[in-house]
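Subject: Structure handover

Hi,

Here is the structure I promised to pass on. Please open it next to this email as you read.

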Amino acid sequence: MGFKKKQLAVIGDPITHSLSPLIQNAAIEKLKIPITYKAIRVPSERLKEFVRTQARKLVGFNVTVPHKRAILPYLNSLSQEAKIIGAVNTVLNKNGKLFGFNTDGTGYLKSLHETAHFDPRGKNIVVLGAGGAARGIATVLALSRAKSITLANRTLSRAREVVRDLKIHFKHVKWYSTVLFKEKFKKSLKQAHLLINTTSIGLKGTAFENFPFNHLKTQCLVSDIVYHPRMTPFLKQAKRLSHPIHTGEGMLVYQGALALELWTGCQPDIRLMKKVLLEALKKR
Ligand code: ATR
């Protein structure tokens with residue numbers, strides 16, 4: 001009888017562009033564990049069927065667009081972060097029970113700690129954007145006891161909605177919502193210890209027009225979750241103005257590393273994962 005390796009996966013639609021199989025398999029190979037990781041395309045209309053059948057044969061799986069929220073009703077239990085964020089990117093199959101986690105936010109936080117040596121406790125933080133990524137990051141920053149969190153978005157109603165939802169869970173944080181580039185926004189920049197871009201600006205080299213960097217203190221850490229290009233125009237400008245910067249590939253690497261740790265109990269080689277990711281991005 002042939003030996004069958006255990007299986008991990010990432011599900012989404014589309015999924016061919018996912019870099020997770022590459023970085024996960026590099027880490028798995030180094031750990032010498034009998035497991036493989038593959039991409040599975042699951043269209044929305046087949047998600048329910050996937051959870052009922054294929055998912056049960058996996059040790060665990062990552063979840064990406066468009067299923068991060070849609071998968072919630074099919075899971076047996078959720079981690080604290082996943083519950084508050086309302087989205088899951090990692091599922092662990094434990095004796096047929098499916099446990100949902102969100103390692104996107106915690107991955108970001110870990111990257112911030114490890115590569116920028118930044119601790120959010122007691123800090124004033126400005127988050128650009130109000131989508132799923134902003135919600136995940138604001139949640140973990142609140143869990144890390146940030147002093148104030150400002151959600152600044154092009155569409156004010158979306159920023160307000162995130163603040164309204166998170167306020168309920170984190171009363172110790174001072175929450176603000178504002179429109180990008182208005183006076184209130186500039187005021188929040190003046191106090192900021194950390195400024196994070198979670199919008200899609202920066203993808204394909206796009207840039208903010210006239211970002212008011214002059215309101216930021218020089219020591220404010222400037223962070224971007226866009227990882228392709230790694231040095232977004234936003235980060236390039238911040239660097240030119242002598243701000244410390246934090247690049248986006250760390251979040252992808254650490255969310256993957258935390259997921260692999262949940263599934264296997266092993267600590268993967270972060271440097272190796274980062275190396276293969278950066279090499280792959282260079283070729284894109
Ligand atoms: P994700 O779940 O990855 O965070 P999303 O929900 O599509 O993605 O959110 C994208 C974010 O980028 C939003 O905050 C969006 O602003 P709006 O809510 O106003 O749409 C922001 N964004 C995208 N393009 C933008 C642009 N050209 N200028 C400013 N913000 C932009």
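This is a predicted model: local features need pLDDT of at least 70, side-chain atom pairs count only at pLDDT 80 or more; totals for chains, interfaces and linings use all residues.

**The mixed sheet**

Six strands make up an open sheet with mixed pairing. Their order is β2-β1-β3-β5-β6-β4. The edges are taken by β2 (35-41) and β4 (77-78), and each of these pairs on one side only.

Strand β1 covers residues 6-12 and runs parallel to β2. Seven bridges join the two. Within that pairing, G12 sits opposite R41 of β2.

Two helices are worth a look here. Helix α1, residues 20-31, lies across β1, β2 and β3 (60-63). Its direction is at about 170° to that of β2. Helix α9, residues 249-264, also packs on this sheet. Its contacts are with β1, β2, β3, β5 (90-94) and β6 (97-101). The angle between α9 and β5 is about 5°.

**The parallel sheet**

Another open sheet has six strands in the order β9-β8-β7-β10-β12-β13. Here the pairing is parallel. As a reminder, strands of a sheet pair through backbone hydrogen bonds, parallel or antiparallel.

β7 (residues 124-128) and β8 (residues 148-153) are joined by five bridges. One detail to check on screen: V126 has T150 in β8 as its bridge partner. Helix α6, residues 156-169, packs on this sheet and touches β8 and β9. The direction of α6 makes about 170° with that of β9.

**The ligand site**

- G129, A130, G131, G132 and A133
- N153, R154, T155 and R158
- T199, S200 and I201

By class, this shell divides into three nonpolar, seven polar and two charged residues.

| Residue | Protein atom | Distance |
|---|---|---|
| N153 | side-chain N or O | 2.7 Å |
| R158 | polar side-chain atom | 2.8 Å |
| S200 | polar backbone atom | 3.5 Å |

How much of the ligand's accessible area does the protein cover? The ligand has 650 Å² on its own, and the protein covers 64% of that.

The site and the parallel sheet meet in the numbering. N153 lines the ligand, and residue 153 belongs to β8.

**Backbone details**

Two cis peptide bonds turned up. One runs from V65 to P66, with omega near 5°. P66 is in the loop between β3 and β4. Another runs from H228 to P229, again with omega near 5°. P229 is in the loop between β12 (221-224) and α8 (233-240).

One phi value also deserves a note. N95 has a positive phi, near 50°, and is not a glycine. N95 lies in the loop between β5 and β6.

Best wishes

Definitions and conventions
Residues are numbered from 1 along each chain as its sequence is written. Side-chain values use heavy atoms; hydrogens and water are left out. Two strands pair if DSSP finds at least two bridges between them. Helices (H or I, at least four residues) and strands (E, at least two) are DSSP runs, numbered from the N terminus. Contact means heavy atoms within 4.5 Å. Axes are lines fitted to C-alpha atoms, for helices over the stretch in contact, and angles run from 0 to 180 degrees between N-to-C directions. A residue is near a molecule or strand if one of its heavy atoms lies within 4 Å of it. A polar contact is a pair of N or O atoms within 3.5 Å; within protein, one must be able to donate a hydrogen and the other to accept it, and residues adjacent in sequence count only if both atoms are side-chain atoms. Accessible areas come from the Shrake-Rupley method with a 1.4 Å probe; for residues, only the protein chains shown count as cover. Ala, Val, Leu, Ile, Met, Phe, Trp, Tyr, Cys and Pro count as nonpolar, Asp, Glu, Lys and Arg as charged, and the others, Gly among them, as polar.
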